[in-house]
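The sequence and the structure come first.

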Amino acid sequence: MADKQLHYQNLTKLLAAGFFICGIIPILIIATTSIYNSKQVAIKDLEVTASQVIQHRQDVINNFLDHQIDLLTTLINLYPLEYLKEQNNLNQLFQAISASGNIVDLQIVDTNGEQLAYVGPYREQVIGKNYRDQPWFSEVLVRGAHVSDIFSGYRKIPHFVVALTDPLKRYVLRTTINSSVFNSLLRSAQIGTNGDVFIVNKAGELQTPSLQRNITTLDAREMQLIRHHSGPELILDDDTFHATTWLNNGTWLLMLKVRIPDMLGTYDQHLNRTLVIIVITATLFFIIAVFLSRFIVAHVAKADREAAALDQQMAHIEKMANIGRLAAGVAHEINNPLQMILAQAGWIEELLPEEDPTALKNLDEYQATIKKIKHHVERAATITHRLLGFARKISAEQEQVQINEVVEETLSFLEKEAKHNNIDVDLQLDPQLPATMTEGHRLQQILLNLIDNALDAVGHDGRVSITTSHTANKIAIQIADTGPGIPPEVMKRMWDPFFTTKEQGKGTGLGLAISQNIIRTLGGSIDVESKVGEGTVFTVKIPIKSLQQNT
């Protein structure tokens with residue numbers, strides 16, 4: 001029995017694991033695919049956003065620089081050199097063009113690098129200076145217009161300039177751009193709290209400060225990004241995303257850095273929701289798997305118990321059939337000698353009156369002895385008659401049965417046990433009980449088991465009541481005892497095969513299971529009601545069938 005329980009436990013675990021794995025694997029595959037796709041979509045959206053931002057900043061900065069060049073071009077076209085060299089005129093022009101705050105100063109330099117006029121905050125630093133050797137000066141004379149890199153120059157302050165020459169290249173009109181205004185054009189391009197955006201020249205030198213204020217030079221990986229390309233270029237490197245585009249006619253590189261983890265808020269929310277759903281789903285699958293496995297194993301165990309009970313019942317039927325055949329043989333063998341004894345006793349009884357009374361001193365004792373012999377022979381004949389009846393019932397199929405007779409005959413087998421334990425058996429049999437077509441010996445087996453259980457429950461000095469009654473279509477046999485009753489936890493399992501509350505060796509736990517199976521085959525039912533401390537009532541109900549209905 002312990003091995004069976006261990007087998008069922010292992011089978012339950014195996015089925016639960018199988019159901020759980022089969023259910024959760026598709027969920028994990030779907031969830032993993034969803035998470036991966038969600039991350040790819042988030043990165044793709046980030047690429048689109050970065051491309052749009054850097055393209056927009058490129059347009060804004062190029063337009064800003066073009067605007068400064070156009071402004072200087074307008075001044076050169078509108079005013080001759082003689083006008084511009086006049087300090088008062090230059091002051092007035094500076095006040096007009098610096099109202100926006102983009103321009104810091106305005107300066108006129110001849111082709112020899114000598115300063116002709118200047119207006120701005122750095123007069124003391126630049127007065128009397130020659131710009132012939134300055135890189136920006138050489139570039140503007142060659143190109144006609146030039147936007148410089150960031151440098152300190154004579155001002156000793158990092159700045160960059162926009163310079164133009166007149167069409168005849170007689171002088172250079174130069175202006176310094178307000179760095180703070182220029183740098184502000186990049187701040188709105190920042191993506192994410194840890195993102196960064198700045199401008200570098202071809203040598204990798206920063207032309208604008210890092211927004212994170214922790215970068216002064218580019219690392220080796222970022223230096224590799226300084227290469228010629230047309231339009232924005234997007235590079236994904238581990239958890240950092242770079243977007244670059246060239247500015248100022250290919251002299252500056254606008255570089256946008258984005259930390260991908262900072263921009264995956266939507267993905268993280270989706271990941272957290274998915275993980276919660278996976279946990280909830282896994283828990284539900286686990287509960288369902290355990291329930292299904294226990295349900296299936298319970299049915300398997302029930303089928304095994306029913307099969308065992310059926311095997312036991314078949315063995316019992318076979319045993320009863322053998323007993324029946326043996327009883328028939330014994331009854332037949334005993335009955336013949338009994339008839340001979342009865343015949344001889346009758347013959348002696350007939351001869352005694354013919355004898356001389358004076359010669360027979362003990363005639364009365366002889367006659368009394370003959371009566372005792374005949375009584376006990378008749379008693380033995382009754383027993384052999386019962387044995388023959390029992391043998392016939394074992395082999396018979398359905399027949400017309402008087403239920404009251406079956407009850408009385410069954411009780412006769414247990415009368416001695418009841419008297420020995422001083423148990424009062426109260427019979428209340430319905431005299432109007434109709435006969436019914438059933439298998440009397442199988443019904444007797446049920447009643448024998450129930451009455452025996454009732455006597456066992458009462459113990460000593462108790463009472464067992466057996467009552468028969470009927471309705472239009474059913475006959476009821478009620479067996480009530482005054483025993484201790486059946487606890488609810490026992491009631492739940494009392495019909496299970498091999499379940500017994502009796503001591504080991506006194507019960508197999510098959511009686512009620514077999515009785516339940518038998519009554520079902522007869523088309524009836526067994527009901528039980530019990531109250532702890534008051535007793536138990538079993539009610540056997542069988543249908544009333546006539547011979548015509550049975551055929």
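Aspartate 527 is partly exposed, with a relative accessible area of 37%. The classes are buried (under 20% relative accessible area), exposed (over 50%) and partly exposed (in between), using a 1.4 Å probe and protein chains only. The partner of aspartate 527 is lysine 541, in a salt bridge with its closest N and O atoms 4.0 Å apart. Lysine 541 sits in strand S16 and aspartate 527 in strand S15 (residues 525–531), so the pair ties together parts 14 residues apart in sequence. Lysine 541 is partly exposed too, at 31%.

This is a predicted model: local features need pLDDT of at least 70, side-chain atom pairs count only at pLDDT 80 or more, and totals for chains, interfaces and linings use all residues. Residues are numbered from 1 along each chain as its sequence is written, and side-chain values use heavy atoms, without hydrogens and water.

A salt bridge is a side-chain nitrogen of Lys or Arg within 4 Å of a carboxyl oxygen of Asp or Glu. The count is 11. Among them are these:

| Pair | N to O distance |
|---|---|
| Aspartate 166 and arginine 170 | 3.1 Å |
| Arginine 442 and glutamate 439 | 3.9 Å |

Aspartate 166 is buried at 3% relative accessibility, while arginine 170 is partly exposed at 42%. Arginine 442 is buried at 13%. Glutamate 439 is buried at 18%. Salt bridges also link Asp424, Asp426 and Arg463 in a network.

Helix H6 spans residues 179–187, and its buried residues are Phe182, Asn183, Leu185 and Leu186. Helices are DSSP runs (H or I, at least four residues) and strands likewise (E, at least two), numbered from the N terminus.
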